[in-house]
Amino acid sequence: MPVDDSRPIWIQLVETFSQKIASGQWAPSSRIPSVRELAIDAGVNPNTVQRALTRLDAEGLTVAERAQGRFVTTDTEAIATARAKLAAQATDSHISAVRQLGLEREEAISLLTARWTAISAEGGDEQ
């Protein structure tokens, strides 16, 4: 996992894990990897992963089952809320970047539409 040194790692993990849930990579009711496995994969301390997972529990995206592990919620509304939040953050970043380039709203929309079509035609992101 690429780390942004300007932000706490555990927050970056929350975002990464939330994206896995929102995208369906971690399906509802599926068991997620253990803290140890996630820490090894991310190259971070297990306590950092645990802190991120505790936040996901608090946000209702995961549920810890004693002696069974941690599972993705079955609450589709919580998942939809996470997806909308992540999409809004990505959109805000995009708007900031194109504004810094001096593009006006209509130019940015036109570019987004053209790129969406081109990437879809290339078989990239299928959305």
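Student: At roughly what angle do the axes of α1 and α3 cross?

Tutor: This is a predicted model, in which local features need pLDDT of at least 70 and side-chain atom pairs count only at pLDDT 80 or more, while totals for chains, interfaces and linings use all residues. Residues are numbered from 1 along each chain as its sequence is written, and side-chain values use heavy atoms, without hydrogens and water. Axes are lines fitted to C-alpha atoms, for helices over the stretch in contact, with angles from 0 to 180 degrees between N-to-C directions. The axes of α1 and α3 come within 8 Å, and their crossing angle is roughly 55 degrees.

Student: Which word describes α1 relative to α3?

Tutor: Angles under 35 degrees count as roughly parallel, over 145 as roughly antiparallel, 65 to 115 as roughly perpendicular, and the rest as oblique. The axes of α1 and α3 cross at roughly 55 degrees. Therefore the word for α1 relative to α3 is oblique.

Student: Is the crossing of α2 and α3 left-handed or right-handed?

Tutor: The axes of α2 (residues 35-42) and α3 (residues 46-58) come within 8 Å and cross at roughly 115 degrees, so the two helices are roughly perpendicular to each other. A crossing is left-handed if the near helix is turned anticlockwise from the far one by less than a right angle, and right-handed if clockwise. For α2 and α3, the crossing is right-handed.

Student: In which handedness does α1 pass α4?

Tutor: The axes of α1 and α4 come within 9 Å and cross at roughly 120 degrees. These helices are therefore oblique to each other. The crossing in which α1 passes α4 is left-handed.

Student: In what order do the elements of the chain run from the N terminus on?

Tutor: Helices (H or I, at least four residues) and strands (E, at least two) are DSSP runs, numbered from the N terminus. The chain has 5 helices and 2 strands. Their order is α-α-α-β-β-α-α.

Student: Which element gives the most to the lining of the second largest pocket?

Tutor: Both α1 (9-23) and α4 (76-100) supply at least two residues of this lining. The largest contribution, 6 residues, comes from α4.

Student: Where does the second largest pocket lie?

Tutor: Domain bounds come from an automatic or database domain assignment. Because domain 1 (9-74) and domain 2 (78-122) both give residues to its lining, the second largest pocket lies between domain 1 and domain 2.
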